[in-house]
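Hi there,

Here is the structure I promised to pass on.

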Amino acid sequence: MLNPKIGQYLKSSYPADIVDALISAYSEVLRNYRIERWKPSELDAGHFVEAARRIVEFELFGSTTPLAKAMGSFSPTVLSKYESATGDEAFRILIPRVLFSIYCIRNKRGVGHISSISPNKMDATFILNSTKWVLAELVRNVTASNPDDAHALTDAILERDLDLIWDDGESFMIMDNKLKADQKVIITLYKRDRYSIDEIQSLIGYRNRTRFKSIIEKLRSDNLIDIVQGSICKISPLGVREAERIIENT
């Protein structure tokens, strides 16, 4: 979870609704990356680029496109417009070029690939680290008057995030040992739905079958999952919300 000071500092310089959109998009990129949802992670990057472009325009021109109105396409002509403006080099050149690279990966490479080796993880990793850099650069600029906060907040953004789930097709492991068994079940089904009870028990490494069945039944009674075809578990919309809450606080 991002330090609330990040939003506070950004809102002291930029429109609150745009800052909220920026932080929301960044959080979604990070959340989906951590559970290896490469395609959603890349899709959310498009929203991040749109919000960050609005901040760039607000910084350079004093006004920007309202959130309710679509922005024009991001092109080399737009980059030239930013570069020729009056203002800090970070907003004229550096941030726009990083955003444009995200935009190109997101739109021109595409997020669905048919090949023996999919570049989706590679692209999502590039996008995640690029969004981190942009957010940290924005924060660095608005916290210039408070060096201690500037260092602490940018370091927190740039800190490497550990994937919550390790799933390489051969191994499956939830990396946070502090999570309880019921939370691991929810996260497992959020990552990949429709596992059997036995499969989930094996994946999370829970040994006592009787207790595990009780955990599953409790999740079902709480409407977080359903059980179909005898033993196939499905996460419910309420379970999705709970999984996202767990991920947000992990």
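To start with a question: is R245 buried, partly exposed or exposed? With a relative accessible area of 41%, R245 is partly exposed (buried means under 20% relative accessible area, exposed over 50%, partly exposed in between, with a 1.4 Å probe and protein chains only).

A word on the basis: this is a predicted model, where local features need pLDDT of at least 70 and side-chain atom pairs count only at pLDDT 80 or more, while totals for chains, interfaces and linings use all residues. Residues are numbered from 1 along each chain as its sequence is written, and side-chain values use heavy atoms, leaving out hydrogens and water.

The search of the whole structure turned up 11 salt bridges, each being a side-chain nitrogen of Lys or Arg within 4 Å of a carboxyl oxygen of Asp or Glu.

R245 pairs with E242, and their closest N and O atoms are 2.7 Å apart. Both sit in helix α11 (residues 237–248), three residues apart, about one turn of the helix. Helices here are DSSP runs of H or I with at least four residues, numbered from the N terminus. E242 is partly exposed at 23%.

Another bridge joins D149 and K5, at 3.4 Å between the closest N and O atoms. This pair links distant parts of the chain, 144 residues apart: D149 belongs to helix α7 (residues 147–158) and K5 to helix α1 (residues 4–11). D149 is buried at 14%, whereas K5 is partly exposed at 36%.

Finally, D167, K191 and R192 are linked in a network of salt bridges.

Best wishes

Methods
Helix = DSSP H or I, 4+ residues; strand = E, 2+ residues; numbered from the N terminus.
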